[in-house]
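Please read them with the coordinates open.

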Amino acid sequence: MANAATVTKASSVPKRKKDTQLRQITRRLVKSKTAMLGLIVLVIIVLACVFAPLIAPYDPNYMDYTSLNAGSSLAHIMGCDNLGRDIFSRILYGGRMSLMLGFTVAVVGMVFGVFFGCIVGYYGGQVDNIAMRICDVWMAIPGTLLAIVISSALGSGFGYTVLALSVSGLPGSVRGTRAMALKEREMEYLEAAKAMNCSKMKIMFKHMMPNIIAPTIVGTTGQIGGTMMSAAGLSYIGLGIQPPTAEWGAMCSSAREYLTKYPHEMLWPGFVILLTVLAINLLGDGLRDAMDPRLKD
């Protein structure tokens, strides 16, 4: 009877869920107030841009000639630009383009950076020397200047802007991934994979890559904000996304001639760029701390 009671008592105790690495990271991230603030602000901005057709009071390209350069009012809460277009509506629609640029360039840079970085870091030796010398020469050219040159040569547009910003940021991604790959290739689990006659491609992309992808994601998150700033800069100087397409940087570029008389035309898109980049950086910093293996709950 005692044994039966013991078995019944043991079976009634709920099993504790396995504390996986993902749960640990999530718990640390939730505890970070700044990261949660950045996440909330970013989610609000993204959702507002995604549902722009439902939120925006006007078409982004609709011109109200009775409200040229108008200030804030009940009809136009952020005012109108020099063509009478509602700034609030253009910010909502322009966020789609700006956010898409930032995330696309970051993902492209991460994919190619991880791919080439794994190869260079795993093989090392002469392959590493040649690749790093190419990256040194590549990085000797300022990234913004290289993006300007590429955009000037190819022209404006979403695809060319993504290409220009991706090319300018690729060497940094390769070097970062290569450094992590050099550290991982000395680990015992890779020696075990070699002893099991695994191919080099399988070792690199099945065993080594999953262990370096997490820090890479953290770095990529931090690059999104910088990429958005660079994209806005290209649009501001007449490259990148061009009018009449709504984009935050292009809106600032169009408003620079009216900055002294109508500062609200540049103030609002500039403020949204600042707020979005700040939210992304806060989230990236919190994610970096949450994924730090040295931190314990």
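1. Residue classes are used throughout: Ala, Val, Leu, Ile, Met, Phe, Trp, Tyr, Cys and Pro count as nonpolar, Asp, Glu, Lys and Arg as charged, and the others, Gly among them, as polar. This is a predicted model, in which local features need pLDDT of at least 70 and side-chain atom pairs count only at pLDDT 80 or more, while totals for chains, interfaces and linings use all residues. Residues are numbered from 1 along each chain as its sequence is written, and side-chain values use heavy atoms, with hydrogens and water left out.

2. The second largest pocket has a volume of about 290 Å³. A pocket is an open set of points on a 1 Å grid over the protein atoms alone, with protein on both sides within 12 Å along at least five of seven lines; a cavity is a set where a 1.4 Å probe fits but cannot get out, and lining residues have an atom within 4 Å of a point. Points are joined across faces, edges and corners, and a volume is the space filled by probe spheres set on them. Of the 18 residues lining this pocket, Val105, Leu165, Ser168, Gly169 and Thr227 are the closest to its centre.

3. Two or more lining residues of that pocket come from each of α5, α7 (143-154), α8 (158-184) and α10 (200-236); helices are DSSP runs (H or I, at least four residues) numbered from the N terminus. The largest share, seven residues, belongs to α8. By class the lining has six nonpolar, twelve polar and no charged residues.

4. The count of cavities of 30 Å³ or more is one. The largest cavity has a volume of about 100 Å³. Helices α5 (87-123) and α11 (248-255) each give two or more residues to its lining, and α11 has the largest share, four residues. Five lining residues are nonpolar, two polar and four charged; among them are Asp81, Arg85, Arg90 and Glu265.

5. The axes of α3 (residues 33-50) and α12 (residues 264-290) come within 7 Å and cross at roughly 140°; axes are lines fitted to C-alpha atoms over the stretch in contact, and angles run from 0 to 180 degrees between N-to-C directions. The two helices are therefore oblique to each other (under 35 degrees is roughly parallel, over 145 roughly antiparallel, 65 to 115 roughly perpendicular, and the rest oblique). Their contact (heavy atoms within 4.5 Å) includes Gly38 and Leu42 of α3 and Ala279 and Gly286 of α12. By class it has ten nonpolar, four polar and no charged residues.
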